Amino acid sequence: MSFLEKAIKNGISKGISNAVGNAVKQVVEPKATEYANKVAGELDEAAQNISQQTQEAAQQTAKATNGLEGAFANLQQSMENYATQAAKNMKICPKCQTASPADKTFCPNCGTKLPEETLADGAVCTQCGKQNTIGTKFCSSCGAKLPTALAEDKAEAEKNTDVLARWAEKLPEYPVWNCGGTDFELEEGEDWFRFAASFDTEAEGEQSIPAYRALLKANGFREAGQNPDKSHLYKKIDGKCYHVDTEHCFEGSMNRPDIWFNNEEPYGGFDYVKPEPKKGFSFGDLFK
């Protein structure tokens with residue numbers, strides 16, 4: 001495969017990725033690659049016919065190079081238009097994101113009921129009627145939020161509500177998260193739980209943890225043990241210790257903090273009391 005062919009194929013791949021994401025890319029890219037091979041072969045053949053021995057050849061080569069950027073832009077636009085046409089006959093499963101033909105009612109991969117609208121329908125603006133590029137969230141003509149983006153917001157809100165309902169069921173001793181973020185996750189281990197939320201910026205993610213610590217303290221959690229630490233808060237209920245670990249929140253990502261829950265007691269015990277320092281001995285103590 002020539003360098004030029006690789007470059008064009010890369011341009012197509014990026015164009016499809018920008019336009020439709022992975023689901024549509026899987027459907028569109030084979031034909032796009034076939035087209036790329038054809039165009040690349042023609043350009044390579046033309047380039048080989050240019051003599052590098054003359055000034056005229058150098059000028060022709062420079063002209064071809066200058067036009068390459070425009071060629072890539074046109075190629076990407078063509079692929080985005082192709083993707084939009086393909087998306088008119090395609091539905092995306094809201095659960096597993098599998099692409100299916102528009103005449104299907106249920107997802108062949110997971111059995112979830114498919115939406116009535118095709119992927120292309122989701123990019124048609126309900127305010128002005130413009131057919132937008134697949135994968136965009138806002139109308140390029142009037143700025144209104146597109147149906148696909150609204151559906152994603154609704155699905156995300158429902159998912160977060162389900163996670164918090166599971167929290168209330170599984171972790172009733174801990175105050176339910178109300179510190180922002182999205183894409184909630186509650187993972188259960190053998191003797192622990194992990195909660196995670198995503199934020200648009202690192203600053204928002206970082207600020208969420210002190211906010212939750214304040215919520216914990218307002219609900220009776222406190223530092224405890226021989227080495228009290230604000231990152232580890234505890235509460236005893238009916239003789240059982242409940243522990244929240246916020247020390248390792250950002251080991252994965254500043255945008256997606258993790259909080260851990262378990263029943264471990266702090267070092268030295270929840271009710272640890274620092275002993276009084278021993279008094280020094282003096283001869284005066286013998287006469288008391």
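Predicted model: local features only at pLDDT ≥ 70, side-chain atom pairs only at ≥ 80, totals over all residues.
**Entry 1: the whole chain**

Next I counted elements. I found five helices and seven strands in the chain. I then read their order along the sequence, which is α-α-α-β-β-α-β-β-α-β-β-β.

I looked up burial for the chain as a whole. Of its 288 residues, 32% are buried. The exposed surface comes to about 17900 Å², and carbon and sulfur atoms supply 50% of that area. I also checked contacts between residues with a separation of 6 or more: 47% of them join residues 24 or more positions apart.

**Entry 2: the sheet**

In what order do the five strands of the open sheet stand? I traced β3-β4-β7-β6-β5, with antiparallel pairing. β3 and β5 each have a single partner strand, so they stand at the edges and one side of each lacks a neighbour in the sheet. I noted the twist too, which averages 15 degrees from one strand to the next.

I reminded myself what holds such a sheet: strands pair through backbone hydrogen bonds, either parallel or antiparallel.

**Entry 3: strand β4**

I turned to β4, residues 193-198. Is this strand mostly covered or mostly open? It is mostly covered, with six of its six residues buried. I sorted them by direction. Phe193, Phe195 and Ala197 point one way. Arg194, Ala196 and Ser198 point the other way. Both sets are buried.

Then I looked at the partners of β4. On one side is β3, residues 182-188, which runs antiparallel to β4 and is joined to it by five bridges. The two form a hairpin, with four residues between them. Within this pair, Glu185 has Ala196 as its bridge partner.

On the other pairing I found β7, residues 258-262, joined to β4 by four bridges in the antiparallel sense. Here Ala196 turns up again, with Asp258 as its bridge partner in β7. I also placed Phe193, which stands opposite Phe261 of β7.

**Entry 4: helix α4 on the sheet**

Which strands does α4 touch where it packs on the sheet? I listed β3, β4 and β7. The direction of α4 makes about 35 degrees with that of β3.

**Entry 5: helix α5**

I moved on to α5, residues 202-218. It has 17 residues and reaches 25 Å from its first C-alpha to its last. That is close to the 24 Å expected at 1.5 Å a residue.

Which residues of α5 are buried? I wrote down Gly205, Ser208, Ile209, Tyr212, Arg213, Leu215 and Leu216.

I then asked what the buried residues pack against. The neighbours are α4 (147-170), β5 (232-237), β6 (240-245) and β7.

Last, I looked just past the helix. α5 is followed by Gly220, and I noted its positive phi, near 95 degrees.

Technical notes:
Residues numbered from 1 in each chain as written. Heavy atoms only, no water. Buried < 20%, exposed > 50% of the residue type's maximum accessible area, 1.4 Å probe, protein only. Pairing = 2+ DSSP bridges. Expected span 1.5 Å × (residues − 1). Contact = heavy atoms within 4.5 Å. Axes fitted to C-alpha atoms, helices over the stretch in contact; angles between N-to-C directions. Areas by Shrake-Rupley, 256 points an atom, 1.4 Å probe, with all protein chains shown as cover.
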